[in-house]
Amino acid sequence: MVIINSTKFDFLDIIEPVTTYTDGYLLSLNLGMPPQVFQVYLDTGSDLTWVPCGTNSSYQCLECGNEHSTSKPIPSFSPSQSSSNMKELCGSRFCVDIHSSDNSHDPCAAAGCAIPSFMSGLCARPCPPFSYTYGGGALVLGSLAKDIVTLHGSIFGIAILLDVPGFCFGCVGSSIREPIGIAGFGKGILSLPSQLGFLDKGFSHCFLGFRFARNPNFTSSLIMGDLALSAKDDVLFTPMLKSITNPNFYYIGLEGVSIGDGAAIAAPSLSSIDSEGNGGMIVDTGTTYTHLPDPFYTTILSSLASVIPYERSYDLEMRTGFDLCFKIPCTHTPCTQDELPLINFHFLGDVKLTLPKDSCYYAVTAPKNSVVVKCLLFQRMDDDDDDDNDVGGANNGPGAVLGSFQMQNVEVVYDMEAGRIGFQPKDCALHS
């Protein structure tokens, strides 16, 4: 294994293993010297990479559920245990970005710098604490730090360990509904691929099915660099759209959705972005389920209900919050033989993505009396989804969201060089 400490190689690729979690996909993040290892969500809908900080008992996460209760301490980064850790300074571009400031002097002014020092760019005070918001009311509070991040790479097929110094990340002391950390993969300067220099090339991922959730023995690959874009003849590409109001999202245009062999249901508000920033669909691995707006979403539900030949399970719809659940005959596990219709997304550029059936419907019960209940795992786009960094809503934000559950067993290629995103359904367990 070769160790290098720079990403300034045209022939360098990063290849990181991705594991399936209960509601998303995780990367192992190795921070500091010696490295401290953290499992963090892979999120293309935000920019900041952050980890819990402090001692294992000092990190506070509100509304994080029983799984992340105080009886199960969350692994936390200890800056004092890393010989290479530094606080980010108030005058850095990352500090200005995290504080969303139009005036680059604001963070140093808030840090208490004297006018001569921050006007000259010589103020050595640390970046002031920040807050960073996500969809659904999630929030993190912390400070910016710099340290070495260690990644797995490849040069001409030779495996290497890559130590990248000066990687800027959030050292978070408390949060709401965000228990374990996030690797931001958006298009902003703070994002992990941006800091590593890969946003001028691209990256790809192929997510395993959720049946592998919590199984560390099965991984798929996140690839950054030329390797992510090579040999993609079978990938169908749709152009990326640009948003003035939300430039860091990965926007694509959804023209419609079809059920089985039926005609496509048009989605005129999702095929483009208007001058106020409304419309389009974002590709967001940090959102679990695909969100679609009304009345488009309601029309899809009605079309599905009219062609699915099974009895509705209204009880499970009430208990799970999903909009369509059906009682499916099942005589042999894993209950994959059914007459549930395929769902197709139609994107700009005459791209038709037929979603794997397991990416649309999920068995929410175990078989009982030769019956299993499966639900459609799509959700309605609500106005309160609107947010600064993640899922958008109806006001100056994305009109729809393609979530990670619908990306399982689909290779997704972010070709930043050509300004396009590609899709190819495949069994990611066989191509990892």
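**Entry 1: the hairpin near the end**

I began with strand β28 (residues 410-415), which pairs with β29 in the antiparallel sense over 6 bridges. My working rule for pairing is that DSSP has to find at least two bridges between two strands. The strands themselves are DSSP runs (E, at least two residues), as are helices (H or I, at least four), and both are numbered from the N terminus. In this pair I found Val413 opposite Gly422 of β29. β28 and β29 form a hairpin with 4 residues between them. I also noted Gly419 in the turn, with a positive phi of about 65 degrees.

Before going on, I wrote myself a reminder that this is a predicted model, in which local features need pLDDT of at least 70 and side-chain atom pairs count only at pLDDT 80 or more, while totals for chains, interfaces and linings use all residues. Residues are numbered from 1 along each chain as its sequence is written, and side-chain values use heavy atoms, with hydrogens and water left out.

**Entry 2**

Which strand is joined to β29 (residues 420-425) by 4 bridges? I found β14 (residues 236-241), and the two run antiparallel. Leu236 stands opposite Phe423 in β29, and Pro239 has Arg420 of β29 as its bridge partner. β14 also pairs with strand β15 (residues 251-252), again in the antiparallel sense, over 2 bridges. There I looked up Met240, whose bridge partner in β15 is Ile252.

**Entry 2: two open sheets**

Next I traced an open sheet of 4 strands with antiparallel pairing, in the order β17-β16-β22-β23. At its edges stand β17 (265-266) and β23 (351-354); each has a single partner strand, so one side of each is left without a neighbour in the sheet. Further in, 5 bridges join β16 (residues 254-259) to β22 (residues 343-347), and these strands run antiparallel. Ile259 has Ile343 in β22 as its bridge partner.

Then I traced another open sheet of 4 strands, with the order β20-β21-β25-β24 and antiparallel pairing. β20 (311-312) and β24 (361-363) are the edge strands here, each with a single partner strand, so one side of each has no neighbour in the sheet. Strand β21 (residues 325-329) is joined to β25 (residues 371-376) by 5 bridges, and the two run antiparallel. I found Lys327 opposite Val373 in β25.

I looked up two cis peptide bonds. One runs from Asp294 to Pro295, with omega near 0 degrees; Pro295 lies in the loop between β19 (290-292) and α5 (296-307). Another runs from Thr333 to Pro334, with omega near 15 degrees, and Pro334 sits in the loop between β21 and β22.

I then turned to Glu63, which has a positive phi, near 60 degrees, although this residue is not a glycine. Glu63 is placed in the loop between β6 (60-62) and β7 (86-87).

**Entry 3: two domains**

How is the protein divided? I wrote down domain 1 (12-88 + 127-224) and domain 2 (231-384 + 395-425); such bounds come from an automatic or database domain assignment. Their C-alpha centres lie 26 Å apart. The contact (heavy atoms within 4.5 Å) takes 25 residues from domain 1 and 23 residues from domain 2. About 2000 Å² is buried between them, and carbon and sulfur atoms give 51% of this. Buried area is the accessible area (1.4 Å probe) that two parts lose on being put together, summed over both.

**Entry 4: a cavity**

On a 1 Å grid over the protein atoms alone, a cavity is a set of points where a 1.4 Å probe fits but cannot get out, and lining residues have an atom within 4 Å of a point. Grid points are joined across faces, edges and corners, and the volume is the space filled by probe spheres set on the points. How many cavities of 30 Å³ or more are there? The count comes to 1.

The lining of the largest cavity includes Glu16, Leu151 and Met224. β3 (25-31) and β13 (220-224) are the elements that give two or more residues to this lining, and β3 has the largest share, 3 residues.

Methods:
1 Å grid on protein atoms, 1.4 Å probe; cavity = no way out; pocket = protein on both sides within 12 Å on 5 of 7 lines; lining within 4 Å.
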